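Let's take a walk through this structure together, one piece at a time. Keep the viewer open and follow along as we go.

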Amino acid sequence: MSEYAILASRSIRLTRRNPDAVITALVLPVLLMLVFVYFFGGAIETSTGKYVTYVAPGVLILCAGYGASMTATTVSNDMTGGIIDRFRSMDTSSTAVLAGHVAASVARNAAATAAVLGVAFAIGFRPHAGTGQWLAAVSILLAYITTLSWLGAAAGLLAKTPEAASGFTFVMLFLPYPSSAFVPVETMPAWLHGFAENQPVTPVIESLRGLLLDQPTGNSPWLALAWCGGLLAVTLPVCAALYRRRTA
Amino acid sequence: MTATHARPDADWAIEARGLSKAYGSVPVLENLDLRVRRGSVYALLGPNGAGKTTTVRILATLTRADAGQARVAGHDVVAERSRVRRSISLTGQYAALDEEQTGRENLRMMAALRGHSRKAAAHRADQLLERFGLTEAQGRRVATYSGGMRRRLDIAAGLVGDPQVVFLDEPTTGLDPRSRRTMWAAVGALTAAGVTVLLTTQYLEEADQLADRVAVLDRGRVSAEGTPAELKKTVAAQRLDLTMAGHEAYEAMAARLAGRLLHKAPEELLLGVATDGSAAHVRALLDELDPARAEVERFALHSATLDDVFMELTHE
């Protein structure tokens, strides 16, 4: 077995044994969806007919944020505990340790995505995507989740305590709100348009919505992947540097 | 010198020369030298802040020294870090384990990370659980373990890769006396397998029990080095406390004892000197110090504490 496989299965096992993590990862996104659809949905009119159809992809994005932000806590737990000295003295690669946490985050998010889609379907979400569109949507969501998880890992390396680490991830939880995730951008004040239309969440959400509802996506999928690729290209070396600094 | 085919460092599992380390402007280690013979148990004895943990972390490649060189298992700790890491294990003061994994899962993970196949890792884990008396607890999460069990599992986790050198940083601090005995037996078992052990401790008794040689560390320097027997000759095992008859007698005796004084408490008119605790030595001491049998009112014997050892070692 490679270091990566060993540490990924470790992180997944640790997640499974942490009831808080399971609840946050699975129950919270479903609750959020219900809140959006039943509390806010009546007041919001969108071009897609039923609000659940509009908001379901947005909730997927939001729960990716929650799932990934947990990576910050799990990484920080490792860094503040004794286990990291063990891994280092065994010459385990830093990338493998962090990648294990990212893999667990992706697994958590896959489960959460399935739960959210299931509940969305039960309350009236009807996607019209073909196999190719589903595959493309899943790929973009995976790229987004992976990117956020590495950002979470960086936050975990940066923070002194697990509590602070989870605070650092506020940005990624907040970012879906000033985007087209929950309401169309045109309904926001004009000064927000520039930001809302050009921040990374918007092309991701536009791609998911377009692909799942069989609507034109324009260049959103490419923009979404470019954002993810660009952020990863910055985050990975930053993680490596932070890890070195942390363990010097 | 006669010709020999052995490499110059073949006898030494650990060789450190001139190690220095400061955190900011606070010096932690000053020009520390250390040599540990292969297959032996070596104890670094000292109080908190003496530099024990820093020494261990430098030798285990986790911290870099500001100056000096060290070789562990024949490899340089900086230039050949990976080789050193593959030859050692470190058990720190805080258990390096996953609380939410079981004992068995922890060991299997470590063994797999050391390159064992799944089957070999399971086998190695079972062996170690057995050897450290954890077979019964193997299926429980580490979070439910007692301090002693945790420490033993921690050491077991360090052994999955068959290290040549094992570092134990305060292996019994915070353990109850019975767990301490179990740990001592575990350390004994290590050396029986030919492993070199460097351990740190605050307890004189522990160094005495376990170590072939001891270095007494004081403020980042080695203040004494030798076998426990040699050290005990220079360091008293017991302290004789004398309660003086009055102030004048107290001052006079304090002046006379000067460098031999281990302890003094003026308000109680108390002065402490080293003794081996035997009746003959105590009698001789009393005769020597108070030939007129008028100045010493009462006496009491105490086991020497580490403080006494340092007092005595730093007198010269």
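**Sheets, helices and a chain contact**

In strand S4 of chain B, the bridge partner of Glu15(B) is Arg71(B). Please keep in mind that the model is predicted.

Now widen the view. S1 and S4 of chain B sit in an open sheet of 4 strands, ordered S2-S1-S4-S5, with antiparallel pairing. At its edges you will find strand S2 (26–37) and strand S5 (75–76) of chain B, each pairing on one side only. Helix H1 (residues 52–59) of chain B lies across S1, S2 and S4 of chain B, and runs at about 120° to S1(B).

Next comes another sheet of chain B. Here 6 strands form an open sheet in the order S6-S7-S8-S3-S9-S10, and the pairing is mixed. S6 and S10 of chain B each have a single partner strand, so one side of each is left without a neighbour in the sheet. From one strand to the next, the twist averages 15°. H1(B) turns up again here: it packs on this sheet, touching S3, strand S7 (165–169), strand S8 (196–201) and S9 of chain B, and its direction makes about 155° with that of S8(B).

Strand S3 (residues 41–45) of chain B runs parallel to strand S9 (residues 213–218) of chain B, and 4 bridges join them. Along this pairing, Tyr42(B) stands opposite Arg213(B) in S9(B). S9(B) is also joined by 5 bridges to strand S10 (residues 221–226) of chain B, and those two run antiparallel. There, Leu217(B) stands opposite Val222(B) in S10(B). The hairpin of S9(B) and S10(B) has 2 residues between the strands, and Arg219(B) takes a positive phi near 45° in it.

Let's move on to the helices. Helix H6 (residues 177–192) of chain B packs with helix H5 (residues 147–158) of chain B at an angle of about 15°, their axes being 9 Å apart. That angle makes H5(B) roughly parallel to H6(B). The crossing of H5(B) past H6(B) is right-handed. H5(B) brings Gly147(B), Gly148(B), Arg151(B), Arg152(B) and Ile155(B) to the contact, while H6(B) brings Ser179(B), Thr182(B), Met183(B) and Ala186(B). By class, the residues of this contact of H5(B) with H6(B) are 3 nonpolar, 4 polar and 2 charged. H6(B) also lies across S3, S7 and S8 of chain B, running at about 155° to S8(B).

Where does chain B meet its neighbour? In all, 22 residues of chain B are in contact with 17 residues of chain A. On the chain B side, helix H2 (81–87), strand S6 (88–91) and helix H3 (103–113) each supply at least two residues. That side of chain B has 12 nonpolar, 4 polar and 6 charged residues.

Finally, turn to chain A. An unreviewed UniProt entry annotates "transmembrane region" on chain A at several stretches, including residues 96–123 and 135–158. In the model, residues 96–123 of chain A are 96% helix and 0% strand, with the end C-alpha atoms 40 Å apart. Residues 135–158 of chain A are 100% helix and 0% strand, and their end C-alpha atoms are 35 Å apart.

Technical notes:
Residues are numbered from 1 along each chain as its sequence is written. Chains are lettered from A and ligands numbered from 1 in the order in which they are written. This is a predicted model: local features need pLDDT of at least 70, side-chain atom pairs count only at pLDDT 80 or more; totals for chains, interfaces and linings use all residues. Axes are lines fitted to C-alpha atoms, for helices over the stretch in contact, and angles run from 0 to 180 degrees between N-to-C directions. Angles under 35 degrees count as roughly parallel, over 145 as roughly antiparallel, 65 to 115 as roughly perpendicular and the rest as oblique. A crossing is left-handed if the near helix is turned anticlockwise from the far one by less than a right angle, and right-handed if clockwise. Two residues are in contact if their C-beta atoms, placed from the backbone, lie within 7 Å. Ala, Val, Leu, Ile, Met, Phe, Trp, Tyr, Cys and Pro count as nonpolar, Asp, Glu, Lys and Arg as charged, and the others, Gly among them, as polar. Two strands pair if DSSP finds at least two bridges between them. UniProt positions are given in the numbering used here, feature names are shortened, and annotations may be inferred rather than shown by experiment.
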